[in-house]
Amino acid sequence: MNKNVERLYNGIIKENPTFVLMLGMCPTLAVTSSAMNGLGMGLSTTVVLVLSNMLISAFSKVFPDGVRMPAFIVIVASLVTMVQFIMQAYTPSLSESLGVYIPLIVVNCIILGRAESYASKNPIIPSVFDGIGMGLGFTFGLTCIGLIRELLGAGQIFGFQVLSLSWFTPITIFVMAPGAFLVLSCLVAVMNIVRAKMEAKGKPLAAPSGCLTGDCAGCGHAAICGGKTATETAAETKTE
């Protein structure tokens, strides 16, 4: 498989941030009361992720090791500010719905994790595709959760009424905070079933070890992966 296509596949399927790696849970649970909110949040994060990966990959050798992470945060914060201003200008209603979660993209562990573990160590083009893959995977996860919550909680999809209120009674818990946990847990369970079946066929859906953040001190699996990312672990396994 072409390396760039592999980065897209990994981000959307094998290492999906929402359903496989369980990253970015704060916006996942908070803004997905509707499909439009999930789509808007996912695409906003994708834009920041792609541009930050590109810039960090291009200038990674310029940053001294001692200020690498602060430099990454400055780049991401600048991009998030631009995205926020653009959304306020062209999609004010969506910007108001997402609220404080747009500025909080700065500290999204997906953004900083990919910057540290992939973009800072790889060329620009693969880093861009890595950002696109991870961003689309995150967007897919948020949109799926938003679709289900909006359909069950209001009988709507993207704001359009698809279930007649004459016979359908909205289950309002799904547009409240507990609904996010219920839908996420069900979708993760489905993903785990798919992963188990793929592993039984000898085609594991995700690498058994590795991480995105590089925070070995806070990870219970650090002894297994040795501080390597899932991609690096899989590459070593293939080489052996």
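Predicted model: local features only at pLDDT ≥ 70, side-chain atom pairs only at ≥ 80, totals over all residues.

Q: OK, how many residues are in the largest nonpolar core, and which have the most contacts inside it?
A: There are 28 residues in that core, and M41, V48, L98 and I105 have the most contacts inside it.

Q: Which elements give two or more residues to this core?
A: Those are α3 (35–59), α4 (68–90), α5 (92–98), α6 (109–117) and α7 (124–154). The most comes from α4, which gives 8 residues.

Q: Back to V48: what is V48 in contact with, leaving aside neighbours within four places in sequence?
A: V76, L79, V80, V83, I105 and I111. Apart from this core there is another one, made of 8 residues, including F19, V20, I145 and L184.

Q: New topic, helix packing. At roughly what angle do the axes of α7 and α8 cross?
A: Roughly 120°, with the axes coming within 10 Å; α8 covers residues 177–200. The two helices are therefore oblique to each other, and their crossing is right-handed.

Q: Which residues make the contact?
A: From α7, C144, I145, I148 and R149; from α8, A177, G179, A180, V183, L184 and L187.

Q: And how do the residues of that contact divide into nonpolar, polar and charged?
A: The α7 and α8 contact has 8 nonpolar, 1 polar and 1 charged.

Key
Residues numbered from 1 in each chain as written. Heavy atoms only, no water. Core = buried A, V, L, I, M, F, W, Y, C linked by side-chain atoms within 4.5 Å. Buried < 20%, exposed > 50% of the residue type's maximum accessible area, 1.4 Å probe, protein only. Helix = DSSP H or I, 4+ residues; strand = E, 2+ residues; numbered from the N terminus. Contact = heavy atoms within 4.5 Å. Axes fitted to C-alpha atoms, helices over the stretch in contact; angles between N-to-C directions. Parallel < 35°, antiparallel > 145°, perpendicular 65-115°, else oblique. Left-handed = near helix turned anticlockwise from the far one by under 90°. Nonpolar A, V, L, I, M, F, W, Y, C, P; charged D, E, K, R; others polar.
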